[in-house]
Amino acid sequence: MSGGPAVRVSIESSCEKQVQEVALDGTETYVPPLSMSQNLAKLAQRIDFSQGSDSEEEGAEGEPRDREWGKQEGEEEEGTVKFQPSLWPWDSVRNNLRSALTEMCVLYDVLSVVKEKKYMALDPVSQDPTAGKTPQVFQLISKKKSLATAAQLLLKGAEKLNKSVTENQENRRQRDFNSELLRLRSQWKLRKVGDKILGDLSYRSAGSLFPHHGTFEVIKNTDIDLDKKIPEDYCPLDVQIPSDLEGSAYIKVSIQKQSPDIGDLGTVNLFRRPLKNKAGTQQWHLKLEAAQNVLLCKEIFAQLSREAVQIKSQIPHIVVKNQIISQPFPGLQLSISLCHSTGEKKNQRTSPEKPSPDNHLYVLEHNLHQMMREFHKQQLSSVVMPHPASAPFGHKRLRLAGPLAYDKAEISSLQQSEGLLEKIIKQAKHIFLRSRTARTIDSLASRIEDPQIQAHWSNINDVYESSVKVLITSQGYEQICKSIQLQLNIGVEQIRVVHRDGRVITLSHQEQELQDFLLSQMSQHQVHAVQQLAKVMGWHVLSFSNHVGLGPVESIGNASAVTVASPNGEYSISVRNGPESGCKVLVQFPRSQNKELPKSDVIQDTKWSHLRGPYKEVNWSRMEGRNFVYKMELLMAALTPCP
Amino acid sequence: MEAPPVTVMPVTGGTINMMEYLLQGSVLDQALESLLHRLRGLCDNMEPETFTDHELVYLLKGQQGNPFLLRARRSLSHPTSPWHLRYLGQPEVGDKSRHALVRNCVDVAASHTLPEFLNEMGFRMDHEFVTTGHIFRKGAMKVVVSKLSRILVPGNTENTERLSLSYLVELSVLAPAGQDTVSEDMRSFAEQLKPLVHLEKIDPSKQRH
């Protein structure tokens, strides 16, 4: 800078005073002439600094441009000083000092500007390739950092999504639980106790008096492992039933007998199958129904055992553990047992049972259930509201008994209520009696071919009474021999037999009685048949007796006899038929045909030849014919002379 | 004619020593439906029953002491059912913390000639009224929601005039004396009927003043 070219400055003074302003009246105001220093300043203003700085810049390269204005100041000074160059021997020193000052000033200004931070801030710029390794490491770190941030953001988002999906599922399960609960609510009684939901599976609201509380708990089954596959039968709602109601139970009623005189009483062989999962029914529903069944079975059994202990009977009922044993008839044992099996055990137990003969009385088991429900209903309906309303609760009969002056009989007639056990024993007796009657009739029918027995059972029976119509006929002669028609009314203890002619005979439950009665009826039938046949054949009935007082005594009933005479009176046939002794047929020949008879002197006249001769027994077993009546017909035909 | 002397003593002892635990309240006619609805939900599962009863209150005045009071009631809706004769004792003072009013109570079913019999005994009818309403049952508890009507012509139950625009609600239990758990049950049941009806222990002897 010190060696730079000097600026050429020409100085001249103005010739005249300058007009400053012309007033409106034309008077001119002149600017007063400048003093020496004023003039200098004015001249200095006219210097074109930019030109000078350009030339200067070549020397001071690399200097930032922003100090230009600072230089301006210095230049101005320079301009004034350069007025007399080389006048001063310290010129170079001065120049150097001046430039140093300038530099300092610029530096100061720059620093002050930077320090203010109002207009500009200093940032490190590292475009310099020579910056070395440090910035690269820094870059790496910053890159890593930003990547980490980005990753974190992504992770956060993913987590959020995941959570919402889980929540959704959770919600859905929750909703499922609620809908299941609603379904449960529509079928079972529920109530909320604390934070638990309890349900009632007892029959109490239906009139049961069984003290078992029968409470089950509803469990929310929503926290299952999401990673695992959800099982197909998954249900968000589960029920917990009391442990003593788990599994399955049934009441088994069977009749054991010492003598194998009756066959299998069970009509159908129903094996207890595990409950099939029906489509559309929930698991909890099956579970609850099974538990309710167990409860009902327990109630039935409890009721039966209580009655068994209370009721006085000739042969006391025995209650042992889960079995009640009673003796309806001598030699017969009715056993009612409660079979309760839980879960897994059941499958193992039923399989060996299967081959053994199943002597369940399903009808009775069913009836027990039905009677229990009837009992429930009765309980409900027996509680009637009092009228007038102020009267206390209680049975109506108690309120009626006093004012209406009931006597003991009337009260007990109102009170009488047969227990479950009594009813079921009566039913068992009836079933037993019926099946034994059927068996007796069947065995007689198969044993005895002549005459035939037909039994017509009525389809519709009462639980305590059923009836059968017994016809005794001879094959081929059904139309003419229908004398014996019996109506057997089988009750609980006895059988009432109603004859066709209105006679009523009451038989006890003993099998032998019925058998003997039927045998005697069959023997009577044969004699009746002869009588009927004689009418058809034109023979005359000479005598007829159902109960013959003569001859050997029969062990069963009485023998019956008939005597018929041929149309012309020559022959007569006598038949004696006893249930035990069998039939005996005698034919009486006319006297004339009998050569063996000694001629009597007294009866010489021919008219006496019409007197009947002696009887001769027919070898009946050697007669032709497939049955008794046919044989008789043949015999009659043989003895009837041809016209 | 002078009434025969009677012992004005509550009937006690024997098997008939029963106590009536009672809570009373009332609802306006407009609120009846919602109360019945609530009761149907709370009470035993039975067919809701209505009743119409005719009650006659008989007095026997002795020479000294309080008159002896008996209530004879018959059902107008079930004319064949027996009459009901009832003696109600004074409320027991006893335990203040008890939630229900407790009083001695004797219930007798009677034949249809009860009014004549009471007249012969010297009782005189004090007043009579007809009550109609609904009866509910919850275990041993009896809830009677009834409207009382005044009889305009004595003896004619057809011609009546209702006493108020509200229904009387009574919750009562018959129990042997000293069973205070009963009143606990009653209180919890009454709680469940709030705020439809507030059942309270109301002493009739204090009501009169």
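Visitor: Which helix of chain A holds Lys287(A)?
Guide: Before the answer, note that this is a predicted model, in which local features need pLDDT of at least 70, side-chain atom pairs count only at pLDDT 80 or more, and totals for chains, interfaces and linings use all residues. Residues are numbered from 1 along each chain as its sequence is written, while chains are lettered from A and ligands numbered from 1 in the order in which they are written. Helices (H or I, at least four residues) and strands (E, at least two) are DSSP runs numbered from the N terminus. On that numbering, Lys287(A) is found in helix 6.

Visitor: Is Lys287(A) buried, exposed or partly exposed?
Guide: A residue is buried if 20 or more other C-beta atoms lie within 10 Å of its own, exposed if 12 or fewer, and partly exposed in between, with C-beta atoms placed from the backbone. Lys287(A) has 19 other C-beta atoms within 10 Å, so its class is partly exposed.

Visitor: Which residues does Lys287(A) touch, leaving out those up to four places away in sequence?
Guide: Contact here means that the C-beta atoms of two residues, placed from the backbone, lie within 7 Å. Lys287(A) and Asp238(A) are 49 residues apart in sequence, yet their C-alpha atoms are 9.5 Å apart. The residues that Lys287(A) touches are Val239(A) and Ile241(A).

Visitor: Within chain A, what is the bridge partner of Leu198(A) in strand 5?
Guide: Strand 4 (residues 196-200) and strand 5 (residues 215-220) of chain A run antiparallel and are joined by 4 bridges. In strand 5 of chain A, Leu198(A) has as its partner Glu217(A).

Visitor: By how many degrees are neighbouring strands turned on average in the open sheet with the order 11-12-13-14-15 of chain A?
Guide: This sheet has 5 strands with antiparallel pairing. Strand 11 (452-457) and strand 15 (504-507) of chain A each have a single partner strand, so they stand at its edges.

Visitor: How far apart are the axes of helix 12 and helix 13 of chain A?
Guide: Helix 12 of chain A lies across strand 12 (466-473), strand 13, strand 14 and strand 15 of chain A, at about 165 degrees to strand 13. Helix 12 (residues 511-537) also packs with helix 13 (residues 628-639) of chain A at about 40 degrees. The distance between their axes is 10 Å.

Visitor: Which residues of helix 13 of chain A make the contact with helix 12 of chain A?
Guide: From helix 12 of chain A come Gln526(A), Ala529(A), Val530(A), Leu533(A) and Met537(A). On the side of helix 13 of chain A, the residues are Phe628(A), Val629(A), Met632(A), Glu633(A) and Met636(A).

Visitor: How many residues of helix 4 of chain A are buried?
Guide: At 1.5 Å a residue, the 26 residues of helix 4 (residues 91-116) of chain A should span 38 Å, and the end C-alpha atoms are 37 Å apart, which agrees; the expected span is 1.5 Å times one less than the number of residues. Helix 4 of chain A lies largely in the open, because the number of its residues that are buried is 2.

Visitor: How many residues does chain B bring to the contact with chain A?
Guide: Chain A takes part with 13 residues. From chain B, the number is 22.

Terms used
Two strands pair if DSSP finds at least two bridges between them. Axes are lines fitted to C-alpha atoms, for helices over the stretch in contact, and angles run from 0 to 180 degrees between N-to-C directions.
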